[in-house]
Amino acid sequence: MKKINSRYMASALLTGFILVWAAGCKKDTANLDLATNYPTTPEVFTDAFSRDLKFDAWGKVTNFFIDNSVKYKGTASMKIEVPDASDPAGNFAGGVFYTSMARDLSGYDAITFWAKASQATTMNASFGGYPDSPSTFSEKYKVALDVKLNSNWQKFIIPIPDPSVLTSEKGMFSYAAGALADGSGYTIWIDEVKFEKLGTLAHQKLSISNIASWPSSSGFISQTYTTNVVETVNLPNGVNVQVAVPTSYLTFTSSDNNVATVNADGIVTLQGTGSATITVKLGDLTTSGTITLSKAVPMAPAPTVAAANVISLFSDAYPGIPIDTPKWDYVTNVLNIISINGNNIMSFNTFSYLPITFSSINASAMTHLHMDIYVVAPTITNQPVRLVLKDNVAGEKGFNYLAGLTTGSWKSLDIPLSSFGLASKSALVFLIIAADPQSPKMTDLYLDNVYFYHN
């Protein structure tokens, strides 16, 4: 009989026991964190590109060089040649540095760089943006800052709003600059681009920059409003900077979803009358704003004229011709186009008068002009509206339409074109809508469904 080594026998038995035990056990991986092991490399450019860095140029694509003679520190800098405004190869210089493997930047609170220019100018600098496919550009965590350059080297700091979310980021640095006011180009040098943990950023504060555009009285159910959030940060040199904070860094809540809801992108949607507080949170920072709907405005009456009988200037009910609303002399309108469930409405603050211009149209077959107007303020009753129509053949004619406007309700105007007294309607080029000069001015109003038609 062959003798068996006892040490080998013990080892074999132990191995067999382990294999049998392992076969009877299944590892629970459901609650384990993924092992990403993303590098924490802070450098973007210090004398040379950091490892795994890629570059894409915009505008004049030959705008970027490595300069071995001009530098802030070390042996080289990045040289950006901003072209003249008339350069046929491109009238601005831009570029983005990004990585193929993401980096974990959660341990830093800012990206810093040194820069100067041959002429005093402004450059836009940012991080967090990168091409994530041949046709799309990710800006999920992009933060940008306009920096003022001169002929001296200066250090610039772009604060990271919440570093904890940047555990897998590819967008390292971007720049963009255009020609000077006189159209001439110049040169920019950038050096020592890197992420840092400064620990000296102070007095961070959040605010909603467009809070003034939120309603405080009337509006439409389902009307939406953006929440544009900025962070103010005190830099180590004592200067405050403001950066727009992408919604990917933020969380939003509403105090009353029956009045207004808010989604993850900061879009506030009116749901009913009342007041709601929208709260924005960035890490430990918060800010809030109130949105109020005291009167829900109904939609304008739906047009009923057959499309074949209409030349539409502004209406979602019909195909329209291209129009413009130019800022002529004394036009003080603040015009916004708002969309309610796909229906576009002109909304005016500080209304003065509205010119609507268009390429020459032949309206010879048209008999009427239609429009729907809702006056928000001031309080008026049966106020006339002033209308002017110009035809390139017959000239310009206007009159006060006496079927007046009343605050707080839609008024559908159907004006016979014969009222204008034009000898021709074969080359109409503009329409003007205004308040009667002898009456109180309409200041805030909505306008919809402006078109010519025939019965």
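**Close-up views of a predicted model**

**View 1. Strand β10 and its pairing with β7.** Strand β10 (residues 143-149) has a covered face made of Val143, Leu145, Val147 and Leu149, while Ala144, Asp146 and Lys148 form its uncovered face. In a regular strand, side chains alternate between the two faces of the sheet. Strands are DSSP runs of type E with at least two residues, helices are runs of H or I with at least four residues, and both are numbered from the N terminus. Strand β7 (residues 121-127) runs antiparallel to β10, and seven bridges join the two. Phenylalanine 127 has valine 143 of β10 as its bridge partner. Two strands count as paired if DSSP finds at least two bridges between them.

The model is predicted: local features need pLDDT of at least 70, side-chain atom pairs count only at pLDDT 80 or more, and totals for chains, interfaces and linings use all residues. Residues are numbered from 1 along each chain as its sequence is written, and side-chain values use heavy atoms, with hydrogens and water left out.

**View 2. Aromatic pairs around phenylalanine 97.** The whole structure holds 25 aromatic pairs. Rings of Phe, Tyr and Trp (its six-membered ring) pair if their centres lie within 6.5 Å; planes under 30 degrees apart are stacked, over 60 edge-to-face, and the rest tilted. The ring centres of phenylalanine 49 and phenylalanine 97 are 5.7 Å apart and the planes stand at 50°, so this pair is tilted. Phenylalanine 49 belongs to the loop between β1 (43-45) and β2 (53-59) and phenylalanine 97 to strand β5 (residues 92-103), so the pair ties together parts 48 residues apart in sequence. Phenylalanine 49 is partly exposed at 37% relative accessibility, whereas phenylalanine 97 is buried at 1%. Here buried means under 20% relative accessible area, exposed over 50% and partly exposed in between (1.4 Å probe, protein chains only).

The rings of phenylalanine 64 and phenylalanine 97 also form a pair, with centres 5.7 Å apart and planes at 65°, so this pair is edge-to-face. Phenylalanine 64 lies in strand β3 (residues 64-67), 33 residues from phenylalanine 97 in β5, and the pair links distant parts of the chain. Both phenylalanine 64 and phenylalanine 97 are buried. Ring pairs link Phe45, Phe49, Phe55, Phe64, Phe97, Phe113, Phe156, Phe173 and Tyr175 into a cluster.

**View 3. Serine 50 and aspartate 52 in the loop between β1 and β2.** Serine 50 counts as buried, at 11% relative accessibility. Its side chain reaches the backbone oxygen of glutamate 43 at 2.9 Å. Such a polar contact is a pair of N or O atoms within 3.5 Å; within protein, one must be able to donate a hydrogen and the other to accept it, and residues adjacent in sequence count only if both atoms are side-chain atoms. Leaving out residues up to four places away in sequence, serine 50 touches Glu43, Val44 and Arg103, where contact means heavy atoms within 4.5 Å. Serine 50 and threonine 99 are 49 residues apart in sequence, with 9.5 Å between their C-alpha atoms. Aspartate 52 has a positive phi of about 70° although it is not a glycine, and it is partly exposed at 34% relative accessibility.

**View 4. The open sheet β19-β22-β23.** Three strands make up this sheet in the order given, with antiparallel pairing. Its edge strands, β19 (251-254) and β23 (285-293), each pair on one side only. Strand β22 (residues 274-282) and β23 are joined by nine bridges in the antiparallel sense.

**View 5. Serine 352 in the loop between β28 (343-349) and β29 (353-361).** At 13% relative accessibility, serine 352 is buried. The side chain of serine 352 reaches the backbone nitrogen of threonine 332 at 2.8 Å. Beyond residues up to four places away in sequence, serine 352 touches Tyr330, Val331, Thr332, Asn333, Ala434 and Ala435.

**View 6. Backbone geometry at asparagine 341 and proline 378.** Asparagine 341 lies in the loop between β27 (334-340) and β28. Its phi is near 50°, a positive value in a residue other than glycine, and at 69% relative accessibility asparagine 341 is exposed. The peptide bond from alanine 377 to proline 378 is cis, with omega near -5°. Proline 378 is in the loop between β30 (368-377) and β31 (383-391).
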